[in-house]
Amino acid sequence: MAPEQAEDYEHVDGRADIYALGAVMYHMLTGHPPFTGNSIARLLAAHRGKFVRPITESDSTLPGDLDQIVAKSLCKDK
């Protein structure tokens, strides 16, 4: 879920779709979701305030350009 969907779902736009695609790409490339938590509240807080670890930390053979694309799609800027 994109951070803005948890806060202000009435004003969500196409950026939420880009965020979701980034999360899917991250999971596909690393084998785990971008964030984990033992509760929904902690998981949502991570999506709102934490930055993802680079995908190259999970697999050093992945290209840096791909890492930049995934990171940009999961960017927190509104």
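Author: Helices (H or I, at least four residues) and strands (E, at least two) are DSSP runs, numbered from the N terminus. This is a predicted model, in which local features need pLDDT of at least 70, side-chain atom pairs count only at pLDDT 80 or more, and totals for chains, interfaces and linings use all residues. Residues are numbered from 1 along each chain as its sequence is written, and side-chain values use heavy atoms, with hydrogens and water left out.

Reader: Where does V24 lie, and why is V24 called partly exposed?

Author: V24 lies in helix 2, which covers residues 15-30. Buried means under 20% relative accessible area, exposed over 50%, and partly exposed in between (1.4 Å probe, protein chains only). V24 has a relative accessible area of 44%, and is therefore partly exposed. Its C-alpha atom is separated by 8.8 Å from that of P34, 10 residues apart along the chain.

Reader: Why does R53 count as exposed?

Author: The relative accessibility of R53 is 57%, so R53 counts as exposed. R53 is found in the loop between helix 3 (40-49) and helix 4. From C-alpha to C-alpha, R53 and Y26 are 9.8 Å apart in space, and 27 residues apart in sequence.

Reader: What makes K50 exposed and C75 partly exposed?

Author: K50 counts as exposed because its relative accessibility is 53%. C75 has 30%, and therefore counts as partly exposed. K50 is placed in the loop between helix 3 and helix 4, whereas C75 is found in the segment after helix 4. The two are 25 residues apart in sequence and 9.7 Å apart in space, C-alpha to C-alpha.

Reader: Which residues is K50 in contact with, leaving aside its neighbours within four places in sequence?

Author: Contact means heavy atoms within 4.5 Å. On that basis K50 is in contact with F35, A45 and K76.

Reader: What makes up the largest nonpolar core?

Author: A nonpolar core is a set of buried Ala, Val, Leu, Ile, Met, Phe, Trp, Tyr and Cys residues joined through side-chain atoms within 4.5 Å. The largest has 12 residues in all, including Y19, F35, I55 and L74. Helix 2 gives the most to this core, with four residues.

Reader: How do you know how confident the prediction of the protein is?

Author: pLDDT is the predictor's confidence in each residue, from 0 to 100. The protein averages a pLDDT of 88, and 95% of the residues score at least 70. Confidence is lowest in helix 1 (residues 3-7), at a mean of 72, and highest in helix 4 (residues 64-73), at 95.
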